[in-house]
Amino acid sequence: MSAASILSVRDLQVSFDLRPATLFGKRRRLVAVDGVGFDLAAGETLGIVGESGCGKSTLARAVLQLLPSSAGTVVWLGDDLGSLSPEEMRRRRRHMQLIFQDPLAALDPRMTVGEIIAEPLDAFEPDLGPAVRGARIAESMDLVGLNPLMINRYPHEFSGGQCQRIGIARAMILKPKLIVCDEPVSALDASIQAQIVNLLGRLQREFGLALIFISHNLSVVRHISQRILVLYLGRLVELAPAEDLFVAPRHPYTRALIAAVPVPDPLIERAKPRLVLGGDVPSPLDPPSGCAFRTRCPKAITLCAERRPETTEAGPGRLVACHRWRE
Amino acid sequence: MNAILEIEHLTTRFATPDGEVHAVSDVDLRLDAGETVGIVGESGSGKSQLFLTVMGLLAGNGRAEGSARYRGTELLGLSRGEMRRYRGRHMAMIFQDPMTSLNPHLTVGRQLTEVLNLHKGMDAAAARAAAIAMLEQVRIPDGARRMAAYPHEFSGGMRQRIMIAMALLGGPDLLIADEPTTALDVTVQAQILELLRELKASLNGAIVLITHDLGVIAGLCDRVAVMYAGRLVEEGPVEAIFAAPKHPYTQGLLAALPRVDAKQPGDLFAIPGQPPNLQRGIVGCAFAPRCHQVIDRCRAVRPLLADLGCGRRVACHRVGA
Amino acid sequence: MVDAVLDGIQPLAGRGLWADAWRRLRANRAAVIGAIVLGVIALAAVAGPMLAPHPIDAIYWDRVTMAPDFALGHYFGTDTNGRDLFARTLYAGRISLALGLAATLVSVAIGVVWGAVAGYFGGRVDAVMMRAVDVLYALPFMFFVILLMVYFGRNPLLLFVALGAVSWLDMARIVRGQTLSLRRKEFIEAATAGGIRDAVIIRRHIVPNCLGPVIIYATLTVPNVILLESFLSFLGLGVQEPMTSWGVLISEGARQLEGGQWLLVFPAGFLATTLFCLNFIGDGLRDALDPKDR
């Protein structure tokens, strides 16, 4: 949409063919991401929220071409990533990095911190001399608040928060344009979570990074994101600037999601109106007809079962997929 | 008042190949009938180990010292057989992951009625009726039919309800919930919290809610105990502590949380550093290396819990000094 | 901020997983003793025939099937052809150990590459490569060896090839299994997302992380190969006179149980001791490399 957009995702669909349970059973198809689209501007943070199984991690991996998509396009700086050869795609990876939920699992246990952080550097700038290479590693460690003296240590000698810093240092060493953060603070304790959130925020401001920040923690997403995309069962439910979304959610699911988050203040938490959704998220193997949310939606009408709501513009920069968002 | 559980000077140590770990260090806590107490702390703060010790569920390499009395009866040092009589019937515990606590090969009905046969000597028909009634109470619709289902046929939220039902079947007056909603999605968590809220009103005993989520505590608990590095650092009524935390750790923890109901400008408040390694003996206050109000005394002398009045206690040299 | 964590840990060399495993291995008494004993046997096998008072192929017609006699330098006695058993046992050790080692190296080299490539790429590549392994598995081993022997003649080199060719199949399966579970690890995804080439990922991440089970399995392959060679020699398909191996000596000794027990006892003792040592080392390595099982 905007001129500064570096990433543009259109109608992305990711599906998995599941093996039939019996020999002659029907091959079943699981649509994990269904027709999601968004744009990302340089230096912007887009939060992606939703419950488990809503496809947020799948969406991130499909955007990074780590999973094949079954329909739709991902355009990065003018190139349709889906049409690139593996080698062309590999070369573009220097600009888009990924950090993970489980910080220790994302680090090879048999490599030193220095080797881990230098790995993308070795892949894309293999001709650096040892002195320059060492300086780059130290610079990246320093950037994320790791003591460069720790360069020869191994991941298991670090705490979770420190491991996440190592992961960020590895992602930052090539100064990418985009970092996709997949639940980067979910495995961390509250006091460490704040350190990492602040670090990501600082890196973004300093280097003009764009972030895709995936989390189920709405409070963190609200804090760090400029815009937020809400997913439910693989579908875009609502996309809006962060403050608009929290102050005036348009989709009933967004509203329920926000209301469900406990607020760490007894006076507010006890006084707030209860808006508890019944039931569970339906199986993505057998999504409801029409609107995916209608089985739990307090405002569902017959139309919701008959027709899937289209993604419509609901105000400046706001998209919502609901038949009744106006009410 | 009517004390259900009195914990005094409780210390739990684990022998590990790399040395002894002090998981719980000299904790005092009292639970009265009718109250819900939240235990909050980060991973490794000893909040779960404290109550696993009380329940006699320590891992083999763990040793406990001190005292934990259930309605006046000392629990530490009871034989496994005696402890088993208390568990389920008087005290029950529910865990974060219901799937590990449920036997995947038995129907839910079988597992529920087993508890009743065991603890109350009910016959099959009575146990079945009671189990179905209990499923209704934890809001599992169509209980009679669901009794024949296996655990994997239920969703995560439903399984947690079954765990709660199972815990309540023996009629305990001490229910310990260890991170009961952590593995659940936020909308399902809201359902379970709603259920716990209802139970709280109907249960005569005490509920302990162990969690890392201050929001959950704010909504559900009467009192809160904050643990750090195996120690109890602050304890008191929920409203008072959330409104004016006294211990620098509690203050930091509350300030570090982004809020869903308001946008903080700028950076979050971050407590610097990491929690201490419990393998090394801690001298002085465990929080001292991360504390911005630290004085020399903090590094030398461990602060004891001091009574501040109004049911509040805090372990900090800088408070009330 | 970081310095608070560092408090006092100034020696900045890290404690790697390999170093950890080495420390744990050294603490394992059975493994250490096994390694020392094995070292002595290997040394004796290499240097022994030179130190022995008699050559391996000298035939003493007057000393046929003689019991151990220290005065004449026949420490282990002589065999039915009047040859010195001490020299022959040590020499046989050289052949058996060399065969075991060589076949294991072949199996590691082929098995690791095959298994890692099949497991890493998965899908069709995996299916084709692993079906090839299945086909080789299905070939009766004896048939295979006899065919080789008939076609190429009895050549010790062929024995290496034959033994190596069958023992890599298990190794490939083990490595493939390891690779499949590693592939799901996030650090592999991190490398892919970081733009690291597949070959580099296999070399830097997959193979080093498979090495633990590979080493363990290799130490268990060596005794297997030695036993297999003994079995082949027993059937007359193994090494040829005047060369010999423990298997050959045992098979000859077994025929002389009455009136020549030493002909069986000494080679069998060496073989058994070696197998014990290798198994202890293998066990020790498994405990050292898999701390989860402690």
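This is a predicted model: local features need pLDDT of at least 70, side-chain atom pairs count only at pLDDT 80 or more; totals for chains, interfaces and linings use all residues.

Colleague: Is B:Cys221 buried or exposed?

Modeller: Its sulfur has its closest cysteine partner in B:Cys310, 20 Å away, which is too far for a bond. A residue counts as buried under 20% relative accessible area. B:Cys221 has 0%, so the residue is buried.

Colleague: How many disulfides does the rule count over all chains?

Modeller: A disulfide is a covalent bond between the sulfur atoms of two cysteines. Over all chains, the count is zero.

Colleague: What area is buried between chain B and chain A?

Modeller: The contact involves 42 residues of chain A and 48 residues of chain B. On the chain B side, B:Thr187, B:Val260 and B:Lys263 lose the most area, together 18% of what that side buries. Carbon and sulfur atoms give 54% of the total, which is about 3700 Å².

Colleague: Which helix of chain B gives the largest share of the side that touches chain A?

Modeller: Helices 8, 9, 10 and 11 of chain B each supply at least two residues of that side. The largest share is nine residues, and it comes from helix 8.

Colleague: How many salt bridges does the rule find across the interface of chain B and chain A?

Modeller: One of them joins A:Asp265 and B:Arg259, with the closest N and O atoms 4.0 Å apart. Across the interface, the number of salt bridges is three.

Technical notes
Residues are numbered from 1 along each chain as its sequence is written. Chains are lettered from A and ligands numbered from 1 in the order in which they are written. Side-chain values use heavy atoms; hydrogens and water are left out. Contact means heavy atoms within 4.5 Å. Buried area is the accessible area (1.4 Å probe) that two parts lose on being put together, summed over both. A salt bridge is a side-chain nitrogen of Lys or Arg within 4 Å of a carboxyl oxygen of Asp or Glu. Helices (H or I, at least four residues) and strands (E, at least two) are DSSP runs, numbered from the N terminus. A disulfide is a pair of cysteine sulfur atoms within 2.5 Å. Buried means under 20% relative accessible area, exposed over 50%, partly exposed in between (1.4 Å probe, protein chains only).
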